[in-house]
Amino acid sequence: MNVDLQRFTRPCECGHEHKIAVKGIWIEPGAVNRLKELLAGYRHPVIICDASTKKAASRSMEEYFASLEVLEVTGNNIHANDSYVAQVQERLNGEADVLVAVGSGTIHDLTRYVAYTRGLNFISVPTAASVDGFVSTVAAMTWHGMKKTLTAAAPVYVLADTDIFAKAPFRLTASGISDLMGKYTSLLDWKVSHIVTGEYYCETVSRLEFEAVREVESVLDQIRDGDPQCMEKLMYALILSGLAMQMIGNSRPASGAEHHVSHLWEMEIINNYIDALHGEKVSVGLILCLEYYEKIRRAIESGTCRIVDGRAYETELLQETFGARGKYQDVLEENDPNLMEELDPADLESKLPLIAQELAALPESDRMRGLLAGAGCVTRMEELGMPADKKDLTLRLCPYVRRRLTLLRLAKNFSFPGSLY
Ligand SMILES: [Zn+2]
Ligand SMILES: [Zn+2]
């Protein structure tokens with residue numbers, strides 16, 4: 001399948017003319033065979049991969065691994081962070097004039113960042129349907145211990161070869177399913193922020209994403225069985241989520257409170273290192289957020305949600321937590337200026353019914369947990385080695401990891417029976 005990119009770049013009802021940097025996307029068996037043609041004109045292509053992604057693609061890409069320079073990133077625990085960026089920068093041949101990322105999220109983030117700093121094009125070959133970031137224009141990085149979204153290059157082409165990604169270990173695919181289902185809360189957060197602050201919002205992009213998410217939701221069993229066509233639907237939905245980020249110009253449509261949970265745990269502020277995939281952490285983050293959002297909805301509907309002034313930073317809490325890890329200044333900097341500085345409590349109160357209306361469209365947390373567990377995805381903190389008693393602290397702290405308004409952040413102004421505040 002050749003993804004029709006034209007339909008995403010028409011003038012949009014939101015008033016914007018959305019831009020997409022990717023020039024071509026193929027999701028099909030044998031997609032990598034197009035690489036030869038796409039590399040014509042380049043003198044020195046370099047493949048960037050790691051040992052396992054190289055193995056995953058070795059059969060389909062045999063001739064390319066034999067004929068092109070290969071930079072195999074090495075290390076025990078390869079992550080998208082400053083030290084692995086340094087490794088790629090040091091080892092990358094100065095002659096390289098195009099990069100080919102063969103891998104999952106981490107290899108893509110490293111490649112897109114290095115490609116950006118060097119002003120090079122890169123071509124994406126995803127080896128698993130594990131994340132939605134393949135076509136992203138930003139790289140999610142851990143930079144000196146803080147989670148950062150750094151400007152990076154989008155791929156010029158994506159060659160998603162079903163013969164490769166449909167055979168990925170199921171754990172990676174399950175992680176992709178979870179990353180995708182996380183759009184329920186990220187899109188909700190975006191809409192709610194739009195309602196409360198007037199932040200730019202595009203209904204078309206949101207609808208496109210919802211459609212793709214629901215399409216995947218309807219074939220989870222087949223994905224679990226490895227059905228290639230349903231795997232392609234998952235890959236398409238993940239790539240579409242990346243395109244949505246390009247169309248909006250940032251990760252707003254694809255990353256909300258559920259990702260903030262994941263980022264907080266990755267920063268190891270209240271926990272030790274969690275050996276889990278991106279989507280696995282997002283999966284649990286999604287369930288935690290859905291549970292709390294349900295409580296908010298019930299409180300609004302039953303008239304028990306009171307507005308309190310929760311606009312100020314919780315200084316003491318931040319000192320005890322981020323401060324204990326030497327990250328107090330960092331977290332203040334990330335949040336400055338305070339997102340809720342200009343929030344009018346009376347206005348927020350008047351918008352509660354609209355917020356409840358949006359919340360009514362979310363899937364129930366129990367149903368989502370059942371759906372994800374049935375699809376082989378992680379759904380509980382304990383499965384990540386996170387003690388369940390860290391749940392409330394997680395929900396209170398995670399809105400501070402990014403300067404992005406979510407309902408979870410706004411909920412610092414909500415008090416109701418059973419609320420965190
Ligand atoms: Zn639009
Ligand atoms: Zn994600």
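Quick housekeeping, then. Since the model is predicted, local features need pLDDT of at least 70 and side-chain atom pairs count only at pLDDT 80 or more, while totals for chains, interfaces and linings use all residues. Residues are numbered from 1 along each chain as its sequence is written, chains are lettered from A and ligands numbered from 1 in the order written, and side-chain values use heavy atoms, with hydrogens and water left out.

Okay, zinc. Which residues hold the zinc ion (ligand 1)? Cys 12 (SG), Cys 14 (SG), His 18 (NE2) and Cys 202 (SG) coordinate it, at 2.0 to 2.3 Å. Donors here are N, O and S atoms within 2.8 Å of the metal (3.2 Å for Na, K and Ca), and water is not among the atoms, so sites may look incomplete. The angles between the 4 donor atoms run from 105 to 114 degrees, so the arrangement is tetrahedral (four donors, all angles between 85 and 135 degrees). The sequence spacing is C-x1-C-x3-H-x183-C. His 18 sits in the segment before β1 (24–28) and Cys 202 in the loop between α8 and α9, 184 residues apart, so to speak a link between distant parts of the chain.

On to the zinc ion (ligand 2): its protein donors are Asp 179 (OD), His 259 (NE2) and His 278 (NE2), 2.1 to 2.2 Å away. Their spacing reads D-x79-H-x18-H. His 259 belongs to helix α12 (residues 257–267) and His 278 to helix α13 (residues 278–301). Helices, by the way, are DSSP runs (H or I, at least four residues), as are strands (E, at least two), numbered from the N terminus.

Now the helix pairs. The axes of α8 (residues 183–197) and α9 (residues 203–217) come within 10 Å and cross at roughly 160 degrees; axes are lines fitted to C-alpha atoms, for helices over the stretch in contact, with angles from 0 to 180 degrees between N-to-C directions. The two are therefore roughly antiparallel (over 145 degrees; under 35 is roughly parallel, 65 to 115 roughly perpendicular, the rest oblique). Among the residues that meet are Leu 187 and Trp 190 in α8, and Phe 210 and Val 213 in α9, contact meaning heavy atoms within 4.5 Å.

Last one: the axes of α13 and α17 (residues 352–359) come within 9 Å and cross at roughly 135 degrees. That makes α13 oblique to α17. Tyr 293, Ile 296 and Ile 300 are among the α13 residues in this contact, with Leu 352, Ile 355 and Leu 359 among those in α17.

Methods:
Tetrahedral: all angles 85-135°; square planar, octahedral: opposite > 155°, others 65-115°.
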